[in-house]
Amino acid sequence: MNQEPSSTTDLSRPHICIVGLGFVGLPLAIEFWRSGCSVTGVDVDARKIDLLQRGVSYLVDVPAALAAELAASNRFSCSTKFDGMERADAILICVPTPLNEADEPDLSFVLGAAREISQHLQPGQVIVLESSTFPGTTADYVVPILEQSAWKAGKDFYVAYSPERINPGETIPLSKIPKVVGADDENSLRHAIGIYQQVFQTVVPVSSTRVAELTKLLENTQRFINISMMNELVVACEKWGISLWEAIEAAATKPYGFTPYHPGPGIGGHCIPIDPLYLQWFARTRGESLSFIAVAEEVNKSMPPYISDRIQGLLPNPQGKALLIGLTYKRDVNDMRESPAIPVMEHLLERGVTVTYHDPFIDHITVLGRPLQSVPLTEASVKNADVVVILTDHSSVDYDLVLEHAASILDTRHVYKGVTNPNVTAL
């Protein structure tokens, strides 16, 4: 098929419906709204809808003033009900695609959204799945559900897949991140491109929904494997007495062929530790074995207990006091999905360590049935700990205060790069 259609939809300001207003859907809705489009948001979480209607943000990347402006706009509405999508020109599905307990894809949110859409589908609408998933999800699962409406995809309505590339806490505007779009017929691809050109400066068409679905898994599997390799190396380098951090910096001076990845307490978030397992599952169902993913997964799972061992090695006794800084999976976000800090905390509590934590984005948490509250980062709270562990390097943390008053520091994020202090232990 022609990968560069000569024309696109002639909708100058389409009405967009976003299904799922989480870390992906809400920023996407805002971008379309900013472009002048009318936007209808749908989410089954009544709490999110209530907050949005009151102009209150629940995402770090959405400032309070912007949430208030959005709520006051006559071009934005949101609801827990799906009937508002009937007036939309395009419906973009941005719902979770987690793994089940057997580490297999859970498409329940996607299929549920598709069933709801099929009941409200209108001729000429463009339906795009953005949720990370395995190749064939759009064509083999979503389209058959939508076609229960008795209309035909590619003829009466249009279907595409466009992998989300949201990076929470990222300073690059979403509109500047190239948007990959794949469809299985010319009409669908042409209309989907026209929708995304309302917002994105660069739209990258590919020849099918399967190629687009694989693109997302490929991007994050590459990162998963490379970060896991650094984590495996950092464990070895600790035994060898070699600074992996310094070696990475030196290797990064090469002007070609080397991309720096860095070790840490583990890999978290909604994509990097999940997407490779979608790809691994997909390969297994077709009789293939992707051994690199399996090895990387084992390394990633081994990091929290390894970090816990390192922490206990710095304690004066097995039941000492540890202050953990940062529980979210990355800096300056309020997202704890798959955060390696949580299993680290669990391991320490199970071993009898007295654990406190400080995170400016997480006020309280329950771990192993124990309610914990974020403590203020003060001279007293730092001195009270036998070891301070930097698990997430939030930019608002006073690292000078920690350095001045901590008896011992385990730095898993290279915060104290270049600092010579006997109390600081680098990962």
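Start by selecting helix 10 and colouring its buried residues: I293, A296, E297, V299, N300, M303, P304, Y306, I307, S308, R310 and I311. Keep in mind as you look around that this is a predicted model.

Stay on that helix and go to M303. Helix 10 bends there by about 35°, and a proline, P304, follows within four residues. Now check the length of helix 10, residues 291-314: at 1.5 Å a residue, its 24 residues should span 34 Å, and the end C-alpha atoms are 35 Å apart, so the two agree.

Five strands make an open sheet with parallel pairing, in the order 10-9-13-14-15. At its edges you'll find strand 10 (354-358) and strand 15 (424-426), each pairing on one side only. Going from one strand to the next, the twist averages 20°.

Zoom in on strand 13 (residues 387-390) and strand 14 (residues 409-411): they run parallel, joined by three bridges. Pick V388 and you'll see I409 of strand 14 opposite.

Now show the helices again. Helix 10 packs on this sheet, touching strand 9 (321-325), strand 13, strand 14 and strand 15, and its direction makes about 155° with that of strand 14. Helix 11 (residues 341-350) packs on the sheet too, touching strand 9 and strand 10, with about 155° between its direction and that of strand 10.

Last stop: select helix 5 (residues 137-146) and helix 7 (residues 209-240), which pack at about 115° with their axes 8 Å apart. Helix 5 brings T137, T138, A139 and D140 to the contact, and helix 7 brings T209, R210 and E213. By class, that's one nonpolar, three polar and three charged residues.

How values were computed
Residues numbered from 1 in each chain as written. Predicted model: local features only at pLDDT ≥ 70, side-chain atom pairs only at ≥ 80, totals over all residues. Heavy atoms only, no water. Helix = DSSP H or I, 4+ residues; strand = E, 2+ residues; numbered from the N terminus. Expected span 1.5 Å × (residues − 1). Bend = angle between axes of the 7 residues up to and from the residue. Buried < 20%, exposed > 50% of the residue type's maximum accessible area, 1.4 Å probe, protein only. Axes fitted to C-alpha atoms, helices over the stretch in contact; angles between N-to-C directions. Contact = heavy atoms within 4.5 Å. Nonpolar A, V, L, I, M, F, W, Y, C, P; charged D, E, K, R; others polar. Pairing = 2+ DSSP bridges.
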